[in-house]
Amino acid sequence: MDDQTRRRFLQLTIGTFAAWPFRSAQAEQSDQLIVHSRVPMNAEPPLPALVESWITPTDRFYIRSHAPVPQIDPKQYRLRVTGLVEREVSLSLGQLEAYPRTDVTATMTCAGNRRYEHSKISPIKGVPWREGAIGNAQWSGVRLSLLLKEAGVQPNARHVWFEGLDEIQREDGVIPFGASIPLEKAVDDTESAPGALVTTQMNGEPLTPDHGWPVRTVVPGYIGARSVKWLGRIVVSDRPSPNHYVTLAYKVVRQGTELEWAEQGPIYRYPLNAVIAVPTAQSTLDAGRIKVAGYALPPGDPDASIARVRISADGGNNWTTARFTSSTEPYCWQLWQAELDVSPATTELIVMATDSEGRHQPQRAEWNLKGYLYNARHRVPIRVKAH
Ligand SMILES: Nc1nc2c(c(=O)[nH]1)N[C@H]1C(S)=C(S)[C@@H](COP(=O)(O)O)O[C@H]1N2
Ligand SMILES: [Mo]
């Protein structure tokens, strides 16, 4: 452990003991994770473990929850589809599972992934995510479009709201987590990816409590906040959800004036991103040829993919093209590796991804008040010893 890791570990351990009486089965799941808070659970995997496999094992998948996992009785559970529909639908778990199923592999990432780096520009409140608030899983469930067809959408419908069964304590009372997506996205199905999936399984197993058991939405291409866990209700509406996490949180604002909050729309898609996972920051390496590995995320745009990932060991003067070690699937990250030479003069590695539309990862990310969507070229400081 280096000093930074040790300090972090101590902080986290203290956090654990403070939350000890509330420790539950959820905690065991996080053995593989760096825990930012236990109640609610917020945790991410260390980077080298994250890029070991294209599909992220569930016990290495980041967890981002705003409140403790709600207690749900599977026998009493009903998923309701209501609002601007011809007929309200209310489904037990058994009824939901009887619908035709769709499998999709999709990457989920928190809008706050890499917030820690944003915070170095100017401090930001919120979970200090490193680069691990991202994972790629196989999700299985029922296409949202199928449930909407079943309910019959009225002509003036424009948005679909998702409401969780969790109870988030806020100054103005207790609210569930909520999200909404445009109706066009809800029905934007392709053969390989649904616009949105009402999911009951992750990586071939029932969802775990931390990841939304028994039912969550998964919205490929959108920030994680639009994939609502512990889903209780789907509401079809002529407007976006009035839930706090749509009307206020998850917006890119810089000053935070009331006018700015009102003017900015909710974030939906995530941007192009790439991160170096190996070597980790502050590593000491021998001079010569080294292996570099990481992930690259195409933007959550139905037509985009990753075209190129390049690494520089000299501040961006020379670039080495990485090779992909995973396949190209829509709305999925790609893992990559590169070999390059370093010398005692090398102080930093930089990655830059380019997408199929020719867009590069930016040199700098524009700071914003909540620290969302940080996607600047990832820079990893290293030390290189002479032979
Ligand atoms: N009900 C509910 N759904 C939620 C959240 C939550 O706190 N409550 N967090 C959201 C956020 S911000 C993210 S990034 C993803 C994280 O999903 P995961 O914990 O399965 O990784 O869930 C989203 N869905
Ligand atoms: Mo998130």
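In which loop is asparagine 203 found? The close-ups below are taken from a predicted model, and the first one holds the answer.

**View 1. Asparagine 203 and its positive phi.** Asparagine 203 is in the loop between strand E12 (197–202) and strand E13 (205–206). Look at its backbone here: phi is near 50 degrees, a positive value in a residue other than glycine. To put that in context, most residues other than glycine have a negative phi.

**View 2. A cis peptide bond at proline 40.** Next comes the bond that runs from valine 39 to proline 40, which is cis, with omega near -5 degrees. You can find proline 40 in the loop between strand E1 (34–37) and strand E2 (42–44). As a reminder, most peptide bonds are trans.

**View 3. A cis peptide bond at proline 279.** Here valine 278 and proline 279 are joined by a cis peptide bond, with omega about 0 degrees. Proline 279 has its place in the loop between strand E16 (273–278) and strand E17 (283–286).

**View 4. Ligand 1 and the residues around it.** Now turn to the ligand: of the 19 residues around ligand 1, the nearest are His66, Asp166, His211, Arg216 and Lys229. By type, this shell divides into ten nonpolar, five polar and four charged residues. The space that ligand 1 takes is the largest cavity.

**View 5. Polar atoms beside the oxygens of ligand 1.** A polar side-chain atom of lysine 229 lies 2.6 Å from an oxygen atom of ligand 1. For arginine 216, a polar side-chain atom is 2.7 Å from a ligand oxygen. Tyrosine 62 takes part through its backbone, with an N or O atom 2.7 Å from an oxygen atom of ligand 1. How much of the accessible area of ligand 1 does the protein cover? The protein covers 100% of the 540 Å² that ligand 1 has on its own.

**View 6. Tyrosine 62 and tryptophan 129, an aromatic pair.** The count of aromatic pairs in the model comes to nine.

Methods:
Residues are numbered from 1 along each chain as its sequence is written. Chains are lettered from A and ligands numbered from 1 in the order in which they are written. This is a predicted model: local features need pLDDT of at least 70, side-chain atom pairs count only at pLDDT 80 or more; totals for chains, interfaces and linings use all residues. Side-chain values use heavy atoms; hydrogens and water are left out. A residue is near a molecule or strand if one of its heavy atoms lies within 4 Å of it. A polar contact is a pair of N or O atoms within 3.5 Å; within protein, one must be able to donate a hydrogen and the other to accept it, and residues adjacent in sequence count only if both atoms are side-chain atoms. Accessible areas come from the Shrake-Rupley method with a 1.4 Å probe; for residues, only the protein chains shown count as cover. On a 1 Å grid over the protein atoms alone, a cavity is a set of points where a 1.4 Å probe fits but cannot get out, and a pocket is an open set with protein on both sides within 12 Å along at least five of seven lines; lining residues have an atom within 4 Å of a point. A molecule sits in a cavity or pocket if more than half of its atoms lie within 2 Å of its grid points. Ala, Val, Leu, Ile, Met, Phe, Trp, Tyr, Cys and Pro count as nonpolar, Asp, Glu, Lys and Arg as charged, and the others, Gly among them, as polar. Rings of Phe, Tyr and Trp (its six-membered ring) pair if their centres lie within 6.5 Å; planes under 30 degrees apart count as stacked, over 60 as edge-to-face and the rest as tilted. Helices (H or I, at least four residues) and strands (E, at least two) are DSSP runs, numbered from the N terminus.
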